[in-house]
Structure formats: structure tokens, C-alpha cells
Amino acid sequence: MDSSRQLFQYILSGLSNGAIYALIGFGFAIIYNSTGIINFAQGEFVMLGGMLTVFFLTVLHLPLIPAIVLAILISTIVGISFERLAIRPLKNAKPLSLIIITIGASIFIRGAAMLIWGKDTHAMPAFSGNDPLYLAGATILPQHLWIFAVTILIIIASRIFFNYSIIGKAMRACSYNSQAASLVGINVKNMVLLSFAISSAIGSMAGIIIAPLTMTSYDVGIMLGLKGFCAVIIGGMSSGLGTVLGGLLLGLLESLGAGFISASYKDAIAFIILLLILFVRPEGLFGKKESERF
Amino acid sequence: MLKLNGITKIFGGLTALEDVSFSVADGSITGVIGPNGAGKTTLFNIITGLYAQTAGEVYLGEKNISLFPPEALAGLGLVRTFQNVELFGQMTVLENVMVGLHTRSKSGIFSSAFKLPGQIKEEKYIKEKSLQWLEFTGLTDLADIQAGNLPFGKGRLLEISRALAVEPRAILMDEPAAGLNSRETAELALLIRRIRESGITVILVEHDMELVMDICDSIIVLNLGKKLAEGTPREIQENPAVISAYLGEG
Amino acid sequence: MTGKKRQILIFLFFAAAVLLVPLFFKGNYLLNVFVFVGINTILAIGLNLLLGYAGQISLGHAAFFGLGAYISGIITTRFPLDPWLVIVLAAVCAGALAFVIGFPILKLKGHYLAMATLGFGIIMYIIFNETVGLTGGPSGLSGIPNLHIGSLIFDNDLNNYYLVWLFTLVVMLLSINLSQSRIGRALRAINDSEMAARVMGVNARILKVQIFTVSAVISAIAGSLYAHIMTFISPASFGFNFSIELLTMVVIGGLGSIYGSFLGAAILTMLPEFLRVFQDFDIIIYGLMLILMTMFMPGGLISGIQKIAEFTAAKIKGMTSNNAQT
């Protein structure tokens with residue numbers, strides 16, 4: 001009984017972390033599909049979301065909802081400025097240049113956050129208190145429910161957006177063939193900008209909902225970003241549902257591995273999975289096979 | 001010397017090539033022609049190891065070279081040029097040709113780093129030989145220019161020089177006259193003849209009919225992924241199936 | 001021919017300058033900084049062979065640096081083996097590891113390669129941290145002996161300076177040789193167009209793994225030297241941040257330039273010393289430099305210096321020929 005309750009606890013925390021990884025992975029996939037860029041700065045938007053919310057809550061004493069809205073807004077503005085200032089001016093850049101630029105942006109944002117908010121770890125109050133709910137003998141924090149709810153909401157919303165709205169369809173068209181898309185009158189540049197905006201907004205949202213559980217600091221973006229990337233690699237860049245499954249799978253494996261094998265190697269699990277998948281099946285477990293990645 | 005046997009290539013559900021067979025005589029100039037989308041470039045990519053065919057074999061002499069990677073084919077004496085000219089843009093013209101001698105030299109990382117005597121001698125040989133090839137194609141004056149800064153026509157010549165430096169038995173040229181003006185095309189025809197005279201078999205995909213009919217000994221016509229006809233330029237010009245395929249397109 | 005002679009002259013001039021530097025900085029703490037400029041130059045050259053020549057990124061190079069340092073540190077603190085021999089052993093181990101993981105990793109391209117090498121670096125970092133019994137974990141490994149040749153012990157800045165720079169000059173010379181050889185041309189060809197390089201007979205797959213291995217060996221040697229000079233190592237020196245710092249050195253110095261790697265290493269090593277007030281600004285500055293260099297000066301600072309040199313040379317030539325006329 002005790003061990004099954006413990007198992008349930010691991011699964012629960014695994015799934016809630018996994019949901020976060022999935023959201024971050026979503027951000028990677030949106031930009032990748034519209035530009036072919038893996039945005040190494042993705043994790044920094046996650047950090048910005050959490051840090052900005054903490055800042056608005058504790059320093060400016062704003063209520064929770066305006067603090068969250070403002071945090072997402074500012075992260076999105078940072079994402080947009082990044083695209084306008086550093087990505088758009090580069091035409092026909094080699095992948096190597098794009099990698100270096102997004103890495104540069106990533107450490108720039110991280111460094112700025114460190115200067116502004118210092119190196120301390122900050123706590124964020126949970127959205128609806130810390131009184132645990134009891135379910136089948138295991139405890140669930142209300143924040144877990146928030147994480148699941150927000151993740152599901154974002155996934156449904158983005159599905160509707162990409163499948164049914166004109167702009168969403170236009171963005172998908174760009175990802176299939178940007179030349180053809182521009183021929184039928186789609187403004188490809190704006191779609192790229194929009195993909196950076198959406199992806200930074202989703203990333204910061206992920207950072208906000210996880211912060212009450214894990215605390216936040218200027219350097220949380222590296223690990224969270226990488227694990228989000230791991231989620232999207234497990235799921236395959238081309239598959240939205242795959243990314244969600246990838247994130248949940250990663251969260252579960254991590255949490256079970258940490259619980260039953262060794263907590264100190266928890267972070268290594270994600271990267272071993274990442275390497276294995278890149279070596280064996282780079283198109284992801286759920287993605288369609290691409291012929292060549294030139 | 002080059003023989004294709006039942007080459008078929010299916011992309012997804014789309015058949016790009018279907019059961020294409022022909023052979024190329026040693027020391028000949030052979031043209032592969034056909035309307036757009038006939039599968040000419042796909043065929044070249046299969047012969048030179050860039051694509052894997054769905055079925056069929058390629059022979060170089062007696063050797064079955066199906067599914068050999070391009071680097072192995074270069075060692076066997078099969079080399080190609082590209083429709084859009086694939087140069088090493090950040091290297092000089094001379095260095096581009098020197099890369100062509102990669103398979104004709106063998107110094108490794110160790111002997112190169114320590115400049116062992118054999119390596120110094122080999123470097124000298126590579127440079128001299130490369131200069132000879134530049135002379136052959138008339139690019140000597142441009143030897144120290146960065147390849148990325150060459151005008152298109154010269155770039156094409158450089159690509160051919162680089163391929164010749166491999167000392168191939170056969171060279172495949174994908175639309176060598178594309179983007180050239182009429183004077184450059186005439187010079188190209190001359191160059192291709194000189195290449196053949198030096199004993200190298202030339203196979204080319206080309207849209208410039210005048211050039212093809214002028215220099216080719218034998219022509220293969222592809223249409224919609226299938227071999228439509230094969231013969232001398234005269235036979236091809238008089239072949240009713242070929243005429244209707246081309247008229248149908250135009 | 002004249003180009004070759006000029007290169008030899010430049011190298012001799014550089015080497016002479018390196019040997020003379022201690023005369024002007026005797027007893028100065030800057031000599032200690034120059035020791036680390038040397039180590040970082042070795043590391044930057046190692047990464048540059050892979051990144052600048054072959055065009056293959058690695059975001060996990062600090063791992064090979066750490067591997068060299070830990071193998072040297074762990075073995076020489078436990079067994080009475082000759083430290084010089086252990087340096088060779090460390091280099092061989094790092095090379096073997098690079099060779100083995102090189103095949104699957106270098107099959108990947110661009111962004112995927114970057115992420116995989118990054119993942120590898122982080123796994124190694126976690127191992128350095130968690131194998132406490134071997135490495136001492138986060139609190140580090142101390143008591144590593146200094147290197148010595150007979151009674152000459154490398155335990156002060158001056159001796160360490162000559163020790164490190166001897167290695168640095170050798171690595172520079174060998175790398176310059178390599179870059180101008182058949183292998184160097186093949187690497188640059190892969191960088192420009194892997195497809196065309198393969199069609200020319202370059203076995204890109206093998207060559208990429210080979211240069212990755214060489215690069216790892218060079219990094220491990222730097223790591224061993226670092227361990228014996230510091231006598232103390234901890235995982236913090238071999239993490240993701242240091243991999244990024246190495247990348248920054250190579251990019252701002254100049255991709256594909258050996259002297260550029262020296263320049264980048266020198267700037268990034270000395271900058272924090274001169275800008276102590278800006279201590280917390282360093283990563284912001286690195287970030288900005290990476291972005292601005294890639295956007296506006298893709299050849300790095302060394303290309304800027306070369307342009308200035310050519311310009312002044314042309315100017316002087318113009319002036320002398322004018323004088324000759326009048």
C-alpha cells in the first residue's frame with residue numbers, strides 16, 4: 001500500500017513536470033516549423049515568465065492575474081525584439097550562425113536577468129494555496145491541477161488555432177513550403193515573427209505555472225529549455241501530439257528514475273534519452289521519417 | 001563502361017524512374033535528354049550515389065556499384081558536376097582543384113600535422129597537378145581568387161577542372177550549359193571534346209539541344225521516368241515518339 | 001612561396017614574443033593570467049579545428065577538458081605513476097571516447113549536432129559531480145602534484161608560463177600545418193559543401209570523426225596541464241558555461257584562424273581581469289559579442305586585423321612608389 005502510494009506520487013509529479021516539458025517543447029516546435037531554427041534561447045522565456053511574475057508579485061505587489069498577464073506580455077515582447085533584431089536581419093544564414101546567435105541571445109537574456117534580479121532563488125506563492133487534496137491516499141497540490149489545466153487549455157487552443165484559423169493555417173503553410181506560401185500571398189516574415197511571439201508566450205506561461213512548485217532563479221532556463229527540447233525530440237518535431245506524449249514520457253521516466261534508481265542522476269536521464277533518440281531515431285518516436293537532414 | 005540495369009526510383013508514392021536501362025560506351029559522349037520532370041537529375045543522383053534507387057543496378061565496367069556512397073565512386077573514377085554549381089566558396093580556385101586530388105593522395109592527419117617528408121612531396125605534387133588542370137581549362141589567372149567570387153561561367157569551368165583533377169574514368173555533367181551565354185557554350189563544347197580526347201567518358205544531362213546534337217555520340221531520351229528512345233543524334237531527331245513527346249510538352 | 005615564407009616569419013615572430021613576455025612581467029600577477037591565456041588558446045584551437053575548419057559545432061567541449069583534468073588528477077593523487085605518462089593516458093582515453101561517440105554524434109547536422117554535444121557535455125558534468133568517490137564531487141579534488149622534469153618543478157608562474165606556452169606553440173604549429181594540408185582542405189570543403197566534398201572523394205563521415213578525436217585529445221592535454229598547475233579541480237570549471245565560453249573565444253577570434261583562437265582566448269581570459277568592476281557583466285558581454293560578431297564580422301576580430309594590415313601595407317607601398325617617382 002505504501003509503495004503503491006509512493007508510486008502514484010512519482011507518477012503525479014512526473015506528469016506535472018512532463019506537462020511543463022511538453023509546453024516548452026511546443027515552443028521549440030513552433031519556431032522550428034516556421035524557420036528551421038532550434039531556438040536555444042527558448043528556455044530563457046520560461047525563466048522570464050517565472051522571474052517577471054515573482055517580480056510583479058513581490059516587488060510591485062500586483063495581484064496574481066495582472067502579474068501573470070504582464071509577465072507573459074513582456075516575455076513576448078522580448079521574443080519579438082529578438083526576432084526583429086537578431087534573426088530577421090540575417091538572410092540565408094548558415095545553421096551554424098543561427099545556432100551561435102540564439103546561444104548568444106540566450107546567455108544575454110540570462111545575464112540581464114542576473115543583473116536585474118541577482119543570483120538568488122525566488123519562491124512564488126501557489127495560485128490557490130498549498131493545502132493538499134487527497135486522492136486515493138495520495139496527495140495532490142492544487143498547483144498540480146493548475147499545471148494540468150493550463151497545459152490542456154494551451155494545447156487545445158493551439159490545435160484550434162493551427163487547424164481552423166486563417167493565420168494558423170497560413171503559419172502551417174509556411175512550415176511546409178515557405179516559397180509556395182509567399183506565392184499565394186502569405187507574408188512569411190510576419191509568420192516567422194508570430195511564431196517567435198507565440199512560442200515565447202507559451203514558454204513564459206510554462207515558467208509561470210511551474211515556478212510555485214520548483215522555485216525560480218535567473219538560470220533555470222538552461223535545464224528547462226533542454227528538457228523541453230528533449231520532449232520535442234522524443235515526440236518528433238512534426239507532431240504536436242507527439243510532443244505532448246514526449247514531454248509526459250520524459251517527466252515520468254525522470255521521476256520514476258529519480259525515485260527508484262538514483263535522485264542524483266535525475267538530470268542525466270533526460271540527456272541519455274535525448275542522445276539515444278538522436279542516434280537511433282532522430283525523427284522522434286512519433287514523428288514521420290524525413291529522408292535527409294541536410 | 002557504365003551500365004544501368006532496370007533502375008527504378010519511387011519517392012513516397014511517386015514513381016520518378018521506372019525500369020531505366022542503358023549502357024554507355026567507353027570514351028563516348030552520351031547525352032541524357034528529356035522534358036522537365038523526366039527524371040534526368042534523379043537518374044544522375046542515383047548513379048553518383050546521392051540517392052538510393054528503389055530497384056535496379058549500376059555497373060562501372062564489371063563492378064556492381066549500386067548503392068556505393070559518392071566518396072567511394074570518386075575513388076573508382078566516377079565523378080560529377082552539379083546543375084547549380086557546388087563550389088567550395090570560401091576556398092581559392094586553386095584549393096578547389098586541389099581538393100579534387102584528394103583520392104590521388106593519401107597523407108593523413110599525423111603526417112600533415114608533422115609535415116613528414118612524404119607529405120611535403122605530395123603537397124608539391126598536388127599543387128603542380130592542380131595548376132596543370134587550371135591551365136587545361138584556362139583558369140590559371142584566377143588561381144588565387146576566392147571561388148565564391150567567380151562569375152557563374154568561370155565557376156562552372158572550375159567545377160569541371162575540379163572534377164577532372166580526380167582523374168576520373170567517367171564524368172557526369174548535370175546541365176553544364178545552363179546559365180552560359182552562347183560564346184561560353186561554344187567554348188564548353190570544345191572543352192568537352194578535349195576531355196573526351198583525353199580518354200574520359202562524358203555523360204551529360206542537357207537542355208541545350210543544339211549542343212547535345214552537336215557533341216554527343218549517342219543520346220538517351222527520358223520521358224515521365226521511362227526511357228523513350230536511344231540512338232545517335234540523327235536517329236533521335238527523326239524518332240516520331242521523341243518528336244511527339246517534345247511537341248506535346250511545348 | 002612568398003606567402004609560405006611570410007607565414008613562417010609570422011610564427012617565429014609570435015614564438016619569440018611569447019618567449020620574451022616574461023622578461024617584462026617578472027613577478028607580475030599578469031604572468032599568472034598569461035598561463036591561462038595559454039591553456040585557453042590550446043582549448044580554443046582544439047575547438048576551432050572542429051568548428052572553424054570542419055564546420056561541426058560542439059557545445060560539450062568542456063567535457064574533454066574536464067576528462068583530461070580528472071584522469072590526470074585522480075590517477076596522480078592515488079598512484080605513484082609518472083604524471084607525464086598519465087597525460088598521455090588521459091589524452092588517449094579522451095581520444096578513444098571521442099572516437100566512439102563521434103560516429104553516432106557526427107552523423108547529426110546543425111542544430112541536432114549542437115543539442116547532442118550539449119547533452120553529452122551535461123552528462124559528463126553530472127558524472128564529474130556525482131562520482132564523489134572518484135572525483136570528490138562538487139567540493140573538488142585537491143592535492144594534485146605539480147609536474148616536474150628532474151629538479152625543475154613547475155610550481156610558480158614563470159615555470160608554468162614556459163610549460164604551458166611550449167605546449168601552446170607546438171599545438172599552434174601542428175594545427176597550422178594541418179590546416180594547410182590535404183586534410184585541412186578536405187575539412188574546409190566539408191564545411192562549404194559536404195555533398196561536393198564527398199563527390200570529390202572526401203570520406204566526410206570518417207574525417208569528421210577523426211578531427212573530433214584530435215580536438216578531444218588537444219582539449220584533454222589542456223585539461224591535464226590545468227590540473228597539474230592548479231593542483232585543485234572542481235566540476236564547476238568544466239560545465240556548460242565553459243563550453244559556451246570556448247565557443248565565444250573561437251567565434252570572436254575568428255572561425256578557421258589559428259591566430260584568431262589565440263586572440264579570442266586572450267581577450268576572454270584577460271577581460272575579466274581588467275574589468276573587475278564588471279564582474280557580473282561578463283556573460284552579457286559574451287552574449288552580445290556572439291550576436292554582434294556573427295551578424296557583422298563573421299570572420300572574427302582576426303579578419304578585421306588582417307584587413308587593417310593589408311590596408312596599411314597597400315598605403316605604405318603606395319607612398320614608397322610615390323616617393324620613388326618624385
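Helices (H or I, at least four residues) and strands (E, at least two) are DSSP runs, numbered from the N terminus. The views below show a predicted model, in which local features need pLDDT of at least 70 and side-chain atom pairs count only at pLDDT 80 or more, while totals for chains, interfaces and linings use all residues; side-chain values use heavy atoms, with hydrogens and water left out. Residues are numbered from 1 along each chain as its sequence is written, and chains are lettered from A and ligands numbered from 1 in the order in which they are written.

**View 1. Gln119(B) in helix α5 of chain B.** Helix α5, which spans residues 117–137 of chain B, holds Gln119(B). With a relative accessible area of 5%, Gln119(B) is buried, where buried means under 20% relative accessible area, exposed over 50%, and partly exposed in between (1.4 Å probe, protein chains only). When residues up to four places away in sequence are not counted, Gln119(B) touches Ser107(B), Ser111(B) and Ser112(B) as well as Ser181(C), a contact being heavy atoms within 4.5 Å. Along the chain Gln119(B) and Ala52(B) are 67 residues apart, and their C-alpha atoms are separated by 36 Å.

**View 2. Ser193(C) in the loop between α8 and α9 of chain C.** The loop that holds Ser193(C) runs between α8 (182–192) and α9 (194–199) of chain C, and Ser193(C) counts as buried because its relative accessibility is 7%. The side chain of Ser193(C) reaches the backbone nitrogen of Ala196(C) at 3.1 Å. This is read against the definition of a polar contact as a pair of N or O atoms within 3.5 Å, for which, within protein, one must be able to donate a hydrogen and the other to accept it, and residues adjacent in sequence count only if both atoms are side-chain atoms. Leaving out residues up to four places away in sequence, Ser193(C) touches Glu86(B), Leu87(B) and Phe88(B).

**View 3. The contact between chain A and chain C.** Chain A brings 48 residues to this contact and chain C brings 38 residues. The size of an interface is often given as the accessible area lost when the parts come together. Here the buried area, that is, the accessible area (1.4 Å probe) that two parts lose on being put together, summed over both, is about 3900 Å², and carbon and sulfur atoms give 83% of it. Ile100(A), Ile107(A) and Phe279(A) supply 15% of the area that chain A buries against chain C, more than any other three residues.

**View 4. The side of chain A that touches chain C.** At least two residues each come from α1 (2–35), α3 (64–87), α4 (95–117), α9 (220–235) and α11 (266–280) of chain A, and α4(A) gives the most, with 17 residues. By residue class this side divides into 38 nonpolar, five polar and five charged, where Ala, Val, Leu, Ile, Met, Phe, Trp, Tyr, Cys and Pro count as nonpolar, Asp, Glu, Lys and Arg as charged, and the others, Gly among them, as polar.

**View 5. Strands β1, β4 and β5 of chain B.** Strand β1 (residues 2–11) and strand β4 (residues 55–60) of chain B run antiparallel and are joined by five bridges, two strands being taken to pair if DSSP finds at least two bridges between them. Within this pairing, Lys3(B) has Tyr59(B) in β4(B) as its bridge partner. Two bridges join β4(B) to β5(B), again antiparallel, and Leu60(B) has Lys63(B) in β5(B) as its bridge partner. The hairpin of β4(B) and β5(B) has two residues between the strands, and Gly61(B) takes a positive phi near 60 degrees there.
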